[in-house]
Amino acid sequence: MKLDFDWKPLLLAPILALVALPLTGSVSTWLTLTVAGLAMGMIIFIIASGLTLVFGLMDVLNFGHGVFIALGAFVASSVLGLMGDWTGSGELWRNLVAVFPAMLAAMAVAGAIGLAFERFIVRPVYGQHLKQILITMGGMIIGEELIKVIWGPAQIPLPLPEALRGSLLVGDAAISKYRLLAVAVGVVVFGVLAWTLGRTKIGLLIRAGVQDREMVESLGYRIGRLFVGVFVVGSALAGLGGVMWGLFQQNLVPQMGAQVNVLIFIVIIIGGLGSTGGALLGALLVGLMTNYIGFLLPTLTQFASIFLMVAVLLWRPQGVYPVANR
Amino acid sequence: MSTDNLLTLEGVQTHIGAYHILHGVDLAVPKGQLTMLLGRNGAGKTTTLRTIMGLWHASQGRVQFAGKDITALHTPQIAELGVAYVPENMGIFSDLTVKENMVLAARSAKNADAIDDTRLKWIFKLFPAVEKFWNHPAGKLSGGQKQMLAVSRAIVEPRQLLIIDEPSKGLAPVMINNMIEAFGELKRSGVTILLVEQNIHFAQRLGDTVAVMDNGRVVHSGSMAAFSADAQLQQSLLGLAL
């Protein structure tokens, strides 16, 4: 019996990067685009990781996930607005001290709203996909309207803290400082998720629940509580992702969640529903593809991720790392 | 019903959606014995097991376990009372390793090191494949090895009642013999077992008591020895020509 890991999908990202290298014309441009793509991918992964677990474990099509992204970003804008002295400082540590509580507040608020969202919107429609789509989209519309009530309907600027603006020069390549931070945050989130899922009993339960919820219950575990916990964590991660995305775009609109929603569904479909590792790979591929196509064929940028999804699904109809029994 | 029965079903009726599957099942599982639940395909055997486990709820009737009414309890609550269930599809978590499957089944263990060592050695003796493929993905096991893992999971911690659905299904004869030996050992350990089976030879070698289902009811119950000795009864209830 072989202990074989399916490594072929892991080659997709380096192959994509290598194919882009001669097309971009110079190594420095390629490096800039690659780091930008990886950063974008990491931010999308942070948002998508919660959704793929919710999808995989709870079989819930949560089209309202985007509202937690927007909520996280708007909460962060309020927190950062209160810490103007810290964000305006040129010292990196003072900027990070401002960003960190903004992230925590965004996660806490998104998680708390997620708890209510699961209880009142999702729970009545467990097992009913069509109703889930309709009611979670309705929930997102209500959430967007509430954001407009609190923060107003207009676009809100979310400038980067002083020390995170600009780029580092590596040779001729300009590497955005904020994008390096985004990569670091994404790596930490992936590390924590991978450790939790792979090394703890809660993680085992989640992985088992993604495959066969009924059997987990037959072993004596109350999966309903696990559902709620995963939904809250998924919402909190979306809130964190919203902070990162908001700072990435540097502008917030109440509809920003809906705009990102399409991207994250593409990511989790590419990755295989319920697979965290698959979501990371899918997010990196989408980030890289969007940046390369945005540079090479700007008019096709909107289609880049859809084209990627179609190509991957033609190769692996269940996504790159499908979870068994689903 | 006798107080020596660990599990009793009285007039249990179960509906699945619009379908009326169980039409008043009366069943007694004596403590410390192996009860075989037999019947043709579609007789309601699996539905009976799932109703006992709370995976489908009885619309009428009563399920009692160790003197407690469990009819309305949820599946995890029933499992916590000491009932282990091995479904027909074995319910193996194929993306997890054999070890991880066992850790999950051992509710009180945080990790593999916390599983009772003596019990684990006993399981390894019963089912050597579980030890051999300890760190391998469970999805890579053969059908027989998966069945061994499924039963091992059910007994990794002491349980009062094991409910097992068709353990011999799809297994090679040599695997069936191994399984019979293992169930024999489990019987000797004093655990109560309710086993659904289609393989009459398997049932005859292991069963202490038997209940035969037809059309959503138990139409015969008694000792396996008497049932085995009555070819005409087997013919009429199971359509067997032995």
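Reply: A crossing counts as left-handed if the near helix is turned anticlockwise from the far one by less than a right angle, and as right-handed if clockwise. This is a predicted model: local features need pLDDT of at least 70, side-chain atom pairs count only at pLDDT 80 or more, and totals for chains, interfaces and linings use all residues. Residues are numbered from 1 along each chain as its sequence is written, with chains lettered from A and ligands numbered from 1 in the order in which they are written.

Me: How do H11(A) and H12(A) pack?

Reply: Two packed helices are described by the angle between their axes and the distance between the axes. Helices are DSSP runs (H or I, at least four residues) and strands too (E, at least two), numbered from the N terminus. Axes are lines fitted to C-alpha atoms, for helices over the stretch in contact, and angles run from 0 to 180 degrees between N-to-C directions. Here H11 (256-271) and H12 (276-296) of chain A meet at about 125°, axes 7 Å apart. So H11(A) is oblique to H12(A) (under 35 degrees is roughly parallel, over 145 roughly antiparallel, 65 to 115 roughly perpendicular, the rest oblique).

Me: Which hand has the crossing of H11(A) and H12(A)?

Reply: Right-handed.

Me: And how is a sheet read?

Reply: Strands of a sheet pair through backbone hydrogen bonds, either parallel or antiparallel. Two strands pair if DSSP finds at least two bridges between them. In chain B, an open sheet of four strands runs E2-E1-E4-E5, with antiparallel pairing. E2 (19-30) and E5 (68-69) of chain B each have a single partner strand, so one side of each lacks a neighbour in the sheet.

Me: How many bridges join E1 to E4 in chain B?

Reply: Six, between residues 5-16 and 58-65. B:Leu7 has B:Phe65 as its bridge partner in E4(B).
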